[in-house]
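User: I'm new to reading protein models. Could you walk me through one, starting with how its elements are named?
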Amino acid sequence: MKTKLTLCLLLLAMSLPLLAQKTTVSGYVRDAETGETLIGATVLVQETSTGTTTNEYGFFSLSLEPAVYTLTASYLGYDNQEIPADISVSNLKIDFEIAPAGTQLVEVVVTAEEEDRNVSDVQMSVEQLDMKTIQKIPALLGEVDVIRSIQLLPGVTTVGEGAAGFNVRGGSIDQNLVILDEAPVYNSSHLFGFFSVFNPDAVKNVKLYKGGIPARYGGRLSSILDVRMKEGNSKKLNVNGGIGTIFSRLSVEAPIVKDKASFLVAGRRSYIDVLAAPFLGDDLTDTKLYFYDLTAKANARVGEDDQFFLSGYLGRDVFQFGPGAGFDWGNQTATFRWNHIFNDKLFSNLTVYYSNYDYQINFGEDDEDTFDWSAKIINLSAKPEFSYFISPDNILRFGGQTIGYEFQPANAVAVNVGETIDISISKQDALENGVFVENEVTLWDKLKLNYGLRLSHFAYLGGRNVYTFGEPEEVGLEAPLTDVEFVEEGEIVKDWFNLEPRASLQYQLNDNSSVKASYNRMAQYIHLLSNTTASIPLDIWTPSTNNIAPQIADQVALGYFRNFSDNKYEFSAETYYKSFDNIIDYVDGADLILNELVEGQTLRGVGRAYGLELMLKKTEGRFSGWVNYTLSKTERRVAGINNGEWYDSRFDQPHNLNVTAFYELSPRATLSGTFVYNSGTPTTLPSSGFYQQGFYIPNNDSDARNNYRVPDYHRLDVSLTLDPNPEKANKRWQGTWVFGVYNLYARRNPFTIYGSQQEERALPGQTIDAEAIRFSVVGSIIPSISYNFTFK
């Protein structure tokens, strides 16, 4: 570890140029119509052909020899803006305001960064979709969806329709950190995975890191999904909304003080319960089936050097079947951010956030026989970060983070014939800390490097009984409880330190092509306990404890990147290998629900994932889109499972093909389509059995894990977007119609396969045939129509 730290410090020292006789121009790049800062906008110095891009908050800084320059700000889909900059004597602050391009045919843009970024950027294994593109992708019931959109990218999969979350390069869903304005979202789906929690009218930018993850991120093994909210229009009132098949949405944004402060409020609610009400019997009149979310944000600029942001999210799914049975779940987040410019070179951001995911279950109408269960995971965090812009070719980032965790796995009370029984599980507390340093530097004209180091620390805290388990009688069996000790609140039960080195390298072969390589080590200290086919809202989160070690992943990747035809086409080929340590699995028949001793039923293993990702994009013209193919393998090895041999993980899908296309038929009409093909996912089925009294009894062989695959998954979706008056883009009311068809050829894609028998009871001497049942969540064509509008 000392050698790695010494090497990082040596590279940093070598990359520091002489700073004498340099002056600096800095500022922000904003949208001229809304005042929103633009992430990843390019600022180019015409005289030197050097430049930089804006950070996550729209800020840039350039240190140059004293002189007079012409700076050009650009962003795809926007007109360029040129401003003269005289820094011959002193530093200068310039804020650009660039306007969206005119009302000619608007090209669908796959990425919102400079045209050759695919080749020239040091980052690899990073995917970005702008909201204009996401809004044109055909969606289930016509509802724009961030999570479903990223599943069309290479290396991103899901185990099936109705499955919450997503899988990245062989990882499980809990190995993805999903953040909304820096705050973690633990369940990113509504309606069991059919819709995401992100309101498209409130989202500004979506970025997915699959590999080469910078040192400023930590906490998960497989990916970071960074969702940034809009700040609110600081120029004028703007109202957006939509009326869809099963829910409607409305957002309002406006200045509080023009060009100084603004706000955004966006809400959605489904009306499945309203549509179903006429068809429900009297015994179901109190049925509630709906979900909603509310997103809000406000910001204020104080002077030239400070800007404050306050944002929040509140969402919930409610399934109530009469007054006596139901459950609900939801996320709540709140984020405070403070951007401060110390000087022309040093930019800082302080983030403080609160996150709470909880669910509740209730049964019973009277006081004699009831059951109530609630659970939650609460985070509170502070995260200071600093960016020091040494030169246009050298940026130093450093900072830290502390996160407090409170896990409440079960607050459960049952009443049986008037007698109250408390079956709650004690809460768990933990504290995670991390510090990082990261440097992005151009070493030579053709070589760029981003390297960094993160030091993380996690402490499992007391305040409850702590259990110790011994060795099981046989590998793969439940571990016996050997000791119980109460540890006082705040005392450390067990803690870990981990060094997490990160590095990305880009070598420019020529003007149109480059090769890139990356390595990252990630540590994950919290875990999702689930042995179901797909994650459900009732799954349990747990910290690393004295019995459950942190998960560790190492990933290396190598890629070739090339642009064609003046950057109209982008091609990339990436290969990766990822190893996992301390992967969690479970003994056969593990009971994860309301089990105080669940740690004794966990097993520890290793994993590996490797693959090849190919992607071709067309980013300009009336016809645009992308096609990608992934060839991959994901395996696990756990003592006590499959005879200790490697077996396919539940997320293993060797072949994945996604085709996404957009065609501008005219200024009024856009046709969109997506085709998805995935290999079937593994599942465990009995390989043999026997008949007893006419019934087939399967032989569940614990040594055969994931020994079958469900049939392959494929689906075609199409949509048509109509804008009746595109030539009147500046009028106050604008509306578009979206007509869509999900699952165009009515494919019954299997979610899982299970065994069944045709009859409930066998007659004497009769044998009942057993059969395998293919369960499909969606098996028919789903048409939709929605109307979206803007008032300004």
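Analyst: Happy to! Helices (H or I, at least four residues) and strands (E, at least two) are DSSP runs, numbered from the N terminus. Here the chain has 5 helices and 51 strands. Pro 138, for one, sits in the loop between helix 3 (131–134) and helix 4 (146–150). This is a predicted model, where local features need pLDDT of at least 70, side-chain atom pairs count only at pLDDT 80 or more, and totals for chains, interfaces and linings use all residues. Residues are numbered from 1 along each chain as its sequence is written, and side-chain values use heavy atoms, leaving out hydrogens and water.

User: Is Pro 138 buried or exposed?

Analyst: Buried means under 20% relative accessible area, exposed over 50%, and partly exposed in between (1.4 Å probe, protein chains only). Pro 138 has a relative accessible area of 9%, so Pro 138 is buried. In the chain of 792 residues, 56% count as buried.

User: Which residues is Pro 138 in contact with, leaving aside neighbours within four places in sequence?

Analyst: Contact means heavy atoms within 4.5 Å. The partners of Pro 138 are Ser 672, Gly 673, Thr 674, Asp 717, Val 718 and Ser 719. Ser 672 is 534 residues away along the chain, yet the two C-alpha atoms are separated by 6.4 Å. Across the chain, 67% of the contacts with a separation of 6 or more join residues 24 or more positions apart.

User: Where is Leu 616 found, and why does Leu 616 count as partly exposed?

Analyst: Leu 616 belongs to strand 38 (residues 602–618). Leu 616 counts as partly exposed because its relative accessibility is 36%.
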